[in-house]
Amino acid sequence: MDAEQVSQHPRVAGGCLSTHQVRTALIYDHPEEGRCYIRRRGEETSPYDFTIQNSSGRIFHLVAVDKCMFTDEADSSRCDCVVFTQAISLFIDLKGNRSVSGRQKGRKKAIGQICASIAWFLAENLLSDQEEVEVIVANGTRKRHPSFNDNIIDKTTELQNLFPNLNIRYGELPFRKL
């Protein structure tokens, strides 16, 4: 994705896009506002924060999608945020599920929200064909990572069939290295 093009979209204007160059960023879904932010230094953290490890210190962008770009209930089935560089776009949905059944239900809902978001970004020409996209359901914590099984392969295949021109990877991670 191109940051300048994204910043000029009417739905993004008004603070939904931020640019960062920190080495570690903790992304969280604000409990009252329902939108994503990056925690400030010294701010209290949660085990459900999504961590971006940016050891090279490259510039990356965060687009708060849910409750920022899309604010009304009719548009509520979107992912929480998108983190992107010139090389990759990460479509992220944060889930704070504590039980196995909650994680399974959360995963299913998250995939639908992420698919709707990818389709919207493609339709608005903010995401171009043949970009590298990673779909991340942040469905675990630093202490309890989601288990990796055949579900990863199934979800990747499902998403690749829906968006055949994109290079898609699927993961359930509490963190991601840029």
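**Entry 1: Leu-26**

I started at Leu-26, which sits in strand β2 (residues 24–29). Strands here are DSSP runs of E of at least two residues, helices are runs of H or I of at least four, and both are numbered from the N terminus. The model is a predicted one: local features need pLDDT of at least 70, side-chain atom pairs count only at pLDDT 80 or more, and totals for chains, interfaces and linings use all residues. Residues are numbered from 1 along each chain as its sequence is written, and side-chain values use heavy atoms, with hydrogens and water left out.

**Entry 2: Ala-25**

I moved to Ala-25, also a residue of strand β2. Ala-25 has a relative accessible area of 1%, so I noted it as buried. From Ala-25 to Arg-41 I read 9.4 Å, C-alpha to C-alpha, at 16 residues apart in sequence.

Which residues does Ala-25 contact, leaving aside neighbours within four places in sequence? I listed Ile-38, Phe-50, Thr-51, Ile-52 and Phe-60. Contact means heavy atoms within 4.5 Å.

**Entry 3: helix α2**

I checked helix α2, residues 100–123, which has 24 residues. Its first and last C-alpha atoms are 35 Å apart, close to the 34 Å expected at 1.5 Å a residue; the expected span is 1.5 Å times one less than the number of residues. After α2 comes Asn-125, with a positive phi near 60°.

**Entry 4: the whole chain**

I counted 3 helices and 10 strands. Along the sequence they run α-β-β-β-β-β-β-β-α-β-α-β-β. The radius of gyration is 15 Å, close to the 16 Å from the globule rule for 178 residues, so the chain is as compact as a globular protein of that length. That radius is taken over C-alpha atoms, and the rule is 2.2 Å times the number of residues to the power 0.38. The C-alpha atoms fill a box of roughly 45 × 40 × 35 Å along the principal axes.

I also noted that 52% of the 178 residues are buried. Of the contacts with a separation of 6 or more, 69% join residues 24 or more positions apart.

Definitions and conventions
Buried < 20%, exposed > 50% of the residue type's maximum accessible area, 1.4 Å probe, protein only.
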